[in-house]
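This briefing goes with the sequence and structure shown below. Please keep them in view while reading the points that follow.

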Amino acid sequence: MSATDQHQAIHQAIDAVWRIESPRLIAALTRITRDVGLAEDLAQEALVAALEQWPQSGVPDKPGAWLMATAKHRALDHFRRNTLLDRKHAELGRHYEALEQTVPDFDTPLDDTIGDDLLRLVFISCHPILSPEARVALTLRLLGGLSTDEIARAFLAPESTVAQRIVRAKRTLSDAHVPFEIPRGAEFTARLASVLQVIYLVFNEGYTATQGDDWLRPALCDDALRLGRILAELVPDEPEVHALAALMEIQASRAHARTDSAGNAILLLDQDRALWDQLLIRRGLAALERVESLHGSNGPYALQAAIASCHARARTAAETNWLRIASLYETLAQVSPSPVVELNRAVAVAMAFGPAAGLERVDALVAEPSLRNYHLLPAVRADLLSKLGRIEEARAELSRAASLTGNTRERDLLLARAAQLK
Amino acid sequence: MRFMVIVKATKESEKEGALPDSQLLAEMGKFNEELLKAGVVLAMDGLQPSVKGARVKFSGKSRTVIDGPFAETKELIAGFWIWRLNSLDEAIEWVKRCPNPHGGESEIEIRQVFEMEDFAPILSQEEIQKKVNARADLIGQVEK
């Protein structure tokens, strides 16, 4: 191996160690310093030290412990320096107190608290005091181990914007003295909902990215899945956590069937089911069983996962249990009502009870202001109208749908369909 | 990317009725918990000794069944994981953290799993044929 190869090999090893260690390193350091921004800086300093030293010394036997010890030394230096420089400053005085209190903490065995620390880090990253964009960026950065550049590319945003967002988020948390804790009682439920929302947002960002985009966008699905799986281990008694995991596993199982090699979208019922990932489906169904055993089948994620599981269980599109899907949508419409849920419900009703029953429901949505510019409403309506033989109306709805979509490929498809109607 | 991480068998693990000792089991349990908490594991299982298995040998059109146990212990598999990670280096780092699976001399092999993308050159032509005339049914488009 040449010197350059060796150099590269060690850098790849450090990168791997960093991916494994950084979340718990940052989590443990946040517990010690009570400042997530400072914790990340210290972890970064430890990484820089590793990049300087490991090429000469080799990767240590316990790289995680090495990084932690290095970061702790930096933490002590930091507190000492600050307290010596400005003893009177109240802010730093508090740091000094924190130092006094936390020094013994440096030696507590890490293993016992790692899970709790990670969970605290999840909750602080998804804190409602932050904007949804900031929650996403901070979560991917601190827990997903993504660099600012990677997050920027994944969200098609300039790197400086994302960097700013992260800096501001950390400052906000610090200024508001947001405690590094696992919330309790009613607050736990509300805060957990925010965590789930952030993870699902990341997943959908990746899921809606089409082929030809930067590969980092679809990779967001994997990041979200990983976060979902981690969360399921950290809070194993919460049914909605398993439900979100189930939903994402099942949706991700269709990743390879969703587009053709030219990048065109293939609709669910037209997908080649042999391309669905059976391992992910099994994982999703197992997670859904956990939801049921925890009596959480009526949660919003649980219902969506159950709907997804109906498709996953059907060997062919024709075998789909539309009656069950329609009934699940009915419950979902009660639990978390929205016009889009109603539209989905109308489609399921049409499949279960025929196009006339479906059309009745879709017609009831036409006046809905939030769907006024939603191209799928006239598209679905057109489909049902054509099945009922009302061709002229269907054609008009297809043109309307075409005029509403911003996607050229989709517009061409809709116009082609309009032309084919007889 | 996905990796199959294979724990090779030993004479001990191949003994009939062999069960790992309780301390090792506890250490492995802890390692697995770490893996799970890192969201890395897609699947994992341990295998019974080869005495409970069989082989089917192929030669042209003939099939010959050979019952276990099998002699070449080192080539046998005692257990496996499927992990999802970003690099082979990450898989190596994780394996280095694994307790010695058999106490004495052991080996763990890391193999990358084929992904759909790896087959893209073979599939594309056939797929294009199949999808080009795909029915443009708009129902289901609302569904993701």
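What is the mean pLDDT of chain B, and what share of its residues reach 70 or more? This is a predicted model, and the mean for chain B is 83, with 81% of its residues at 70 or more. The model as a whole scores ipTM 0.79 and pTM 0.85.

**Confidence in chain B**

- Among the elements of chain B, strand 6 of chain B has the highest mean pLDDT, at 97.
- The lowest mean pLDDT among these elements, 51, belongs to helix 4 (residues 120–132) of chain B.
- Over residues 128–144 of chain B the pLDDT is below 50, and this stretch has 37 contacts in the model beyond near neighbours in sequence.
- Where pLDDT is low, the predicted coordinates should not be read in detail.

**The sheet of chain B**

- Chain B has an open sheet of 4 strands in the order 2-5-1-6, and the pairing is antiparallel.
- Strand 2 (41–46) and strand 6 (108–112) of chain B are the edge strands, each pairing on one side only.
- From one strand to the next, the twist averages 15°.
- Strands of a sheet pair through backbone hydrogen bonds, either parallel or antiparallel.
- Strand 1 (residues 2–8) of chain B pairs with strand 6 of chain B in the antiparallel sense, over 5 bridges.
- In strand 6 of chain B, I108(B) is the bridge partner of V7(B).

**Chain A overall**

- Chain A has 19 helices and 0 strands.
- The chain has 422 residues, of which 41% are buried.
- Taken along the principal axes, the C-alpha atoms of chain A fill a box of roughly 85 × 55 × 35 Å.
- Of the contacts in chain A between residues at least 6 apart in sequence, 60% join residues at least 24 apart.

**Helix 17 of chain A**

- Helix 17 of chain A covers residues 376–387, which is 12 residues.
- From its first C-alpha to its last, helix 17 of chain A reaches 16 Å, close to the 16 Å expected at 1.5 Å a residue.
- Helix 17 of chain A is largely enclosed by the rest of the structure, because 10 of its 12 residues are buried.
- Among the buried residues of helix 17 of chain A are L377(A), P378(A), R381(A), D383(A) and L385(A).
- The buried residues of helix 17 of chain A pack against helix 15 (339–353), helix 16 (355–363), helix 18 (391–404) and helix 19 (408–420) of chain A.
- Just after helix 17 of chain A, G389(A) has a positive phi of about 80°.

Technical notes: Residues are numbered from 1 along each chain as its sequence is written. Chains are lettered from A and ligands numbered from 1 in the order in which they are written. This is a predicted model: local features need pLDDT of at least 70, side-chain atom pairs count only at pLDDT 80 or more; totals for chains, interfaces and linings use all residues. Helices (H or I, at least four residues) and strands (E, at least two) are DSSP runs, numbered from the N terminus. The expected span of a helix is 1.5 Å times one less than its number of residues. A residue is buried if 20 or more other C-beta atoms lie within 10 Å of its own, exposed if 12 or fewer, and partly exposed in between; C-beta atoms are placed from the backbone. Two residues are in contact if their C-beta atoms, placed from the backbone, lie within 7 Å. Two strands pair if DSSP finds at least two bridges between them. Axes are lines fitted to C-alpha atoms, for helices over the stretch in contact, and angles run from 0 to 180 degrees between N-to-C directions. pLDDT is the predictor's confidence in each residue, from 0 to 100.
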